[in-house]
Structure formats: structure tokens, C-alpha cells
Amino acid sequence: MEVREAAPTQLRDWDDLAVRSAQGNVHQSRAWAAYRAASGWQPRFLVANDGAPILALARPWPLVGSDGVYVSRGPLPDADPARTLARLEAVTSWFAELGASVVASDAEVLAESPYPGLLAAAGFRQIEEIQPSRHRLAVDLSAVSDAAGLLAGFSATTRNLIRAAERTDLRLVRLGPIDDVAAAPGGESALAAIQLQAELTALYELMSATADRRGFGLASRERFLDWSGRAFADGHLAYIGGRDGGGQLVAGATFYRHGRRWTYANAADDPRFRKTYPGAVRQLVWEAMQAALAEGRTEMDLGGVDVPGARRRPEPGEPAHGMLAFKESFGARWVELTGAHERVLRPTRYALGRVTARIAAVAGR
């Protein structure tokens, strides 16, 4: 297997193969490449000789110069894990010739497959997550024919909370997919983008407050709006929010549209409204699942619920157990994934690069 840089015609159709195909992922999109380029990464659009698109992001270590490379959520999984590995090895060889010091990948491949063993045999070692990648909670939509059948798979508590939310004055705001409004007359796509900016700004305030309460980090508002806006403009992101009678945002969520699934991306609610609208967040997820079903998707990916410092199912009494119960109440099952791996190509430069990167990070604070 070999790779080469994509030709202009292949770049034009990139997202059709890298995002909208069955195994597609938004983190292999042109929008993701442009977003990462804005913060100093160099996107390299590669195509394997079997036709597979592979987005890799390269960035030189401070002072060292040798690139660190990240194949974000790639290569896209093939039905044959050996072929997925062959694509990754081809990318690794391509960057090795350019002097890269390390190549990391977090393709979403099932842990129960032969892929982890193939990675180890090829010299890749497991590392901490770059993005959440060791598991996800997934709802199988393939055997569901309509919304009633989907609702029947929820827990009784979740069904009751959704029905209660639907009886309130909560006003839902649905934005996206932009594909449908881009061709509409009257500049509706531009209006949708403006409205999205306002909704996401309000959502970010709720997310920031949640991060402060729970003590976790959060990207800046500018970065959140930048990435979300790019993904929305290319049809990869949808937003659903709920506002009360006075126009206050009660809860909001963003979802990725890629491959066979919708993925629950970012969400938050205002704790002041939980007694008045106890089912608000569940209603947003329910709306998204219906949209995914209507589009013919076969999975609703509700993301993960990692325990800090470990990658396993949270136990009762642990902080993340409530999130696990919330997601399982929609009929989601735990899906164990291979996780992030890297192969070090130039150990000395890699070690020096990690040191200089830490120094640069501290100096930049």
C-alpha cells in the first residue's frame, strides 16, 4: 500500500469520501483541516492506492523542527482491519521520508477486532487519548422503522420526561443541516449562520459554567465558534436548542452528521431551569435521534463517559455513572474501541520535541 497527495479533483470531492461515506468522520473533513490549520497545523490530504482518503495533520516540534503527525480519527476503518493498518503504515512511511518523528492515529476500530494486535505487531503503542476515542455509547437505529419504535427502546423514565417536556412551553430551535437551506432563496443560509452564532454563544456560556462547576477544561469560545461554524457551513453539524417563554436558553446541543451516524458532540443546560423543564436535555437528544432516523442513519452515537484516569464503565457512586445511566436510558450500548496509538520514528527528536513542547506551553500561559 502507498499514498500520494490528493489531486485537485480528489480534493473537490473529498468530503463525499471522507465524511459522507459509510465509515466517514467529521475529523477527516476539509472543515476540520482548515480549523486545525488556523492554529498552526499543516493539513496533508493523502489518497491511498486503493482510493481511501486520509487526512493527516503535521506540526513541527518547537526548536526541534521534526514534525509530529496526527491522523485524526483515521484512517477510516475498512471491513478488513489489515487494510486499515496497511493504510496507516503507508501514511507513516510517507511521513518518515519527510523526517517526521512520530505518527499518531485514533481510528475508531472495535477493540474486539484483530486491529489492536496488528498495531502492536507494526510497532505502534497505545497512548492517552488525543480526543475521546476508547469507547462510545451507541444506539442501533438499523432495526427501527419509525419514531414510535425508537421511543419504545427508551427507559420508562426517559419516555415520561420527554413527554412531559413536550407539554411545556419550551420552544425548540433547530438549525442544520445547512445543505437544505444553502440552495434556498432569500439568503436563508446566511441567516441560519447568524442565528447559529447567537445560539452557540449562549450555549458556550452554559458549557463554561458547567466546566467551572465540575472542574474540567474547555476550549476558548473563539475556537468553539470557529470549528462549529465551519462544520455547520459544510453540512456536518446540526444544532438543537430549547428556549423558555422569555427567550432564555434552557439547554442546547450540537451533533455531527457523518458516516452512518449522528454523534452527540457538545451540550449543556442551565441548572436554574431543571425543575421547570426536567426533560429538556432528553428532548433535544430525542429530536436528534428522530432526525438521524429520518436521514437513514443506522447509529446514534452518544459519545463516551470516561472515568478520569481510567477507561472503563463508571461504577455506581462515581461522578460519571449518572452520565452513563442517562445515555443508557436511550437504549445505548457500550462499544469498546481500540483507542489512540503512536509509532515513534525518531526517538531522540521525539523526546526533545516533547520537552520543548511542554516548555513552550508553560511559557505561553
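## A tour from ring pairs to strands

Start by selecting Phe 154: at 3% relative accessibility it counts as buried (under 20% relative accessible area is buried, over 50% exposed, in between partly exposed, with a 1.4 Å probe and protein chains only). Before you click on, note that this is a predicted model, where local features need pLDDT of at least 70, side-chain atom pairs count only at pLDDT 80 or more, and totals for chains, interfaces and linings use all residues. Numbering runs from 1 along each chain as its sequence is written, and side-chain values use heavy atoms, with hydrogens and water left out.

**Stop 1: aromatic rings**

A search of the whole structure turns up 14 aromatic pairs. Here, rings of Phe, Tyr and Trp (its six-membered ring) pair if their centres lie within 6.5 Å; planes under 30 degrees apart are stacked, over 60 edge-to-face, and the rest tilted. Pick Tyr 35 and Trp 227: the centres are 5.7 Å apart and the planes sit at 40°, so this pair is tilted. Tyr 35 belongs to helix α3 (residues 30–37) and Trp 227 to helix α10 (residues 221–233), so the contact ties together parts 192 residues apart in sequence. Helices (H or I, at least four residues) and strands (E, at least two) are DSSP runs, numbered from the N terminus. Both Tyr 35 and Trp 227 are buried.

Phe 154 is in the loop between α6 (147–152) and α7 (156–166), while Trp 286 is in helix α11 (residues 280–294), 132 residues apart. Trp 286 counts as buried too, at 5% relative accessibility.

To see a cluster, select Trp 32, Tyr 35, Trp 227 and Tyr 256, which are linked by ring pairs.

**Stop 2: around β5**

Next, show β5: Val 102 and Ala 104 on one side, Val 103 and Ser 105 on the other, are all buried, leaving both faces covered. Strand β4 (residues 67–71) runs parallel to β5, joined by four bridges (strands pair if DSSP finds at least two bridges between them). Tyr 70 has Ala 104 as its bridge partner. Trace the chain from β4 through helix α4 (residues 81–97) to β5 and you follow a right-handed β-α-β crossover: with the strands pointing away from the viewer, the path from the first strand over the helix to the second runs clockwise.

**Stop 3: β14**

Finally, colour β14 (residues 341–344), which pairs with β5 (residues 102–105) in the antiparallel sense over four bridges. Val 103 stands opposite Arg 343, and Ser 105 has His 341 as its bridge partner.
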